[in-house]
Structure formats: structure tokens, C-alpha cells
Amino acid sequence: GKDGYRHYMEKELHEHPLVIGQTLQRMIDPATRKVVLPDMPVDLATVPRAAITACGSAFYAGVVGRYWLEEIARLPVDIDVASEMRYRNPPLTPGSLGILISQSGETADTLAAMRSLKQAGLPILSILNAEHSSMARESDVVLGTVAGPEISVASTKAFTAQLTVLACLTIAIARARGTLDALGEEELVTALLDLPSKAAEVFTHGDAIRKMATIVAEARDVLYLGRGSGYPVAMEGALKLKEISYIHAEAYAAGEMKHGPISLIDRTVPIVATVPSGVLFDKTLSNLQEARARGGRLLAFTDDEGAERVSAIAEQTIVLPKVHPFVTPLIQTIGVQILAYETALLKGTDVDQPRNLAKSVTVE
Ligand code: M6R
């Protein structure tokens with residue numbers, strides 16, 4: 001049941017802290033505080049490349065994974081949505097690792113893309129919530145997202161669980177490739193273990209996010225902006241808004257604004273920005289200033305460290321808890337997912353069963 005929540009989506013949003021914690025428990029040895037993976041079908045020290053494929057939100061989780069794997073583990077990553085990957089016959093480097101991401105393990109395009117990667121000789125690592133699914137049966141190794149059943153069509157907790165697994169996988173590959181020493185691993189593991197309590201803190205901002213939703217609910221179009229690993233978070237926020245509130249939303253890498261979408265900006269097109277403190281903060285802030293100078297209404301998610309400078313230019317600012325920059329995408333995701341939920345409530349849509357959508361897309 002819904003445990004007293006109005007919708008499954010609301011219940012599942014509140015399960016973020018639990019699910020991140022459970023997934024970490026599966027992957028981190030509490031005694032050594034090291035990431036421990038099952039036996040891998042490739043040698044992580046010498047694997048030359050990874051090819052990630054998935055659909056929808058799972059694809060956006062993969063894009064975050066790409067930023068992490070390339071930056072932290074220095075592993076080159078190809079990534080594509082499954083419906084493209086399966087037909088475009090990309091040249092795959094022999095010995096590469098195929099990585100599949102899926103909540104259901106049954107998505108037709110992802111399953112077909114997986115088979116085409118297998119046919120090309122790639123071993124398959126799947127990140128799955130349904131551990132007894134078609135994809136699970138055909139994978140060489142499965143890393144489970146310990147999210148429990150997800151009923152709401154709009155994915156929430158499965159997404160942060162996917163990020164949690166990808167973060168642990170990144171640490172393990174980085175260690176094997178020698179790009180992360182023991183101290184570095186300790187720092188990233190500490191950041192991950194800190195997440196459940198920080199994720200729970202996001203829910204103390206419910207009133208502020210509801211207030212932000214009143215602006216979003218009036219719009220016909222909304223732009224989502226982010227940089228670095230905040231860019232896929234913007235994509236996730238825009239998808240969630242579209243799915244359940246039927247408001248058109250588009251995500252852009254903040255630096256791309258001036259190459260086109262800035263012409264859309266006026267008071268009727270609010271901008272939702274993910275702008276956590278860190279190395280990309282100043283760059284993102286200056287993109288937001290440009291948008292504001294053109295009359296855009298800025299709705300920003302930052303953290304304690306960015307709060308002062310962001311609230312100086314934004315109409316509304318949500319100050320999420322400050323976490324290690326590595327794990328900011330998880331905290332920011334919870335913020336934008338709650339915003340979509342609150343907006344849908346204001347619009348009065350069927351939150352758990354949005355029109356035209358199915359939980360599991362088993363047809364091409
Ligand atoms: O079960 P899967 O993770 O393979 O599903 C992939 C997408 O269909 C899914 O993430 C979809 O985009 C969600 N409705 C997003 O909220």
C-alpha cells in the first residue's frame with residue numbers, strides 16, 4: 001500500500017534515503033569501508049572502454065555514470081539510448097564492458113541493445129532493480145539496485161539507487177586502474193555513506209519546493225539547466241516534469257544557452273537550475289546571470305555554500321544540504337523530483353499513472 005502517502009510517487013520519493021543506504025550496504029564492506037564487487041567478467045585494471053545503454057531515466061543515470069567513470073576512473077565511455085544503440089551498429093572496442101541500466105529489466109529496447117552488445121562479444125554488466133528479469137538472466141554479472149518495488153510510473157528511488165551503484169562501480173574501477181588511492185577511496189566512500197542522512201534533510205525543504213512549484217505550474221514551457229554531472233540531473237528533472245505534469249520542459253547544458261535557447265527566455269519561461277557549489281559553480285552562475293538579464297525567472301537548487309550568491313540573483317532558491325561534490329547529483333535529483341511531484345499535484349494530474357505511459361515498456 002501507500003503507507004498513508006497520497007501517491008506511490010510520494011511514498012517512493014520518501015524512500016530515497018533508505019534505498020541509497022540499502023544499496024550501499026550491498027556494495028561497501030562496513031569493516032574495511034571498501035567497495036566490494038562480485039566477480040567481474042573483465043579485468044577492471046585493463047578494460048579499455050565501457051559502452052553504456054539504457055532508456056529514459058535509466059539513461060540519465062548512465063550519463064552521470066559517464067561523467068564519473070571518465071573523470072575519476074579515466075575510463076572512456078560510450079553512451080547511447082538503447083533505441084539508437086541497437087540499430088546504429090557502432091564500432092565497439094574488443095574487450096570493452098557493456099553496461100546496461102534498467103529498473104524493470106524488461107524494457108524491450110534495452111534488452112535488444114544488450115543482445116547486440118553481446119553479439120559483438122562484449123561481456124555484460126547490468127544494473128537492475130528487478131533481479132529476476134529477462135536482462136538479469138542474460139547478463140554476465142548483475143549489480144542490484146536495492147530499491148524494492150517501484151510502482152509509480154515516474155521513476156524516483158530506482159534512479160538514485162542506480163546512481164549509488166554507478167558511484168560504487170566508479171570507485172572500484174578507479175582503484176583497479178590506479179587512478180584512486182586508498183585515501184581517495186576513503187574520501188568518496190565517506191561521501192556516499194553520508195548520503196542517507198543528507199537525503200533525508202532534503203524533505204525539510206518541502207514548503208519552499210511547494211512554493212517554487214506554484215511558479216512552474218503556471219508555465220507552459222520550462223528550461224532546466226545544469227553543468228557537469230548536474231546536466232543529466234537537469235534532464236531527469238525535465239523528464240519528470242513532462243511525464244507527470246504535462247508541462248513542456250527541456251534540459252540544456254548551462255553553457256549551451258547562448259547557442260540558441262536563450263532566445264526563448266522571458267518571464268513566461270521559468271528556468272530551473274541545479275547549481276551546487278564546486279568547481280563549476282561560477283561558470284553556471286554566470287550563465288544564470290545572462291538568463292536573468294533577459295528577464296528570466298530563476299528557480300535554483302544550490303547548497304549552503306552557494307546559497308548567498310545564488311539567492312542574490314534567483315527569484316527562489318532551495319538550499320539543499322552541502323555534500324561532497326562527487327555525490328551532489330543524488331541530492332539535486334531528489335530536489336527536482338519533488339518539484340515535479342508538487343507541480344503535478346497543483347495541476348491535478350494522475351501522478352502515479354500519467355496518460356499514455358506504462359511502467360514497463362516491453363514493446364519497441
Ligand atoms: O525499467 P527501465 O529502467 O528500463 O525503464 C526505462 C524508462 O522507461 C524509464 O526510466 C522511464 O523513462 C520512466 N518513466 C522515467 O520516470
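In this predicted model, helix α2, spanning residues 16-27, packs with helix α7, spanning residues 157-177; their axes are 9 Å apart and the angle is about 30 degrees. Angles under 35 degrees count as roughly parallel, and α2 is therefore roughly parallel to α7. The crossing of these two helices, α2 and α7, is right-handed.

A second pair is formed by helix α10 (residues 206-217) and helix α14 (residues 328-347), which pack at an angle of about 60 degrees with a separation of 8 Å between their axes. Because of this angle, α10 and α14 are oblique to each other. The crossing of α10 and α14 is likewise described as right-handed.

Attention may now turn to the ligand. Which residues are the closest to the ligand? Among the 14 residues that surround the ligand, the closest are Ser102, Gln103, Ser104, Thr107 and Glu243. By residue class, the shell comprises 5 nonpolar, 7 polar and 2 charged residues.

Individual polar contacts can be located within this surrounding. The side chain of Ser102 places an N or O atom 2.6 Å from an oxygen atom of the ligand. For Thr107, a polar side-chain atom and an oxygen atom of the ligand are separated by 2.5 Å. Val153 takes part through its backbone, a polar atom of which is 3.0 Å from a nitrogen atom of the ligand. Taken alone, the ligand exposes 420 Å², and the protein buries 90% of that area. Two or more residues of the shell around the ligand come from each of the elements α3 (56-72) and α11 (230-245).

Notes
Residues numbered from 1 in each chain as written. Predicted model: local features only at pLDDT ≥ 70, side-chain atom pairs only at ≥ 80, totals over all residues. Heavy atoms only, no water. Near = heavy atom within 4 Å. Polar contact = N/O pair within 3.5 Å; in protein donor to acceptor, adjacent residues only side chain to side chain. Areas by Shrake-Rupley, 256 points an atom, 1.4 Å probe, with all protein chains shown as cover. Helix = DSSP H or I, 4+ residues; strand = E, 2+ residues; numbered from the N terminus. Nonpolar A, V, L, I, M, F, W, Y, C, P; charged D, E, K, R; others polar. Axes fitted to C-alpha atoms, helices over the stretch in contact; angles between N-to-C directions. Parallel < 35°, antiparallel > 145°, perpendicular 65-115°, else oblique. Left-handed = near helix turned anticlockwise from the far one by under 90°.
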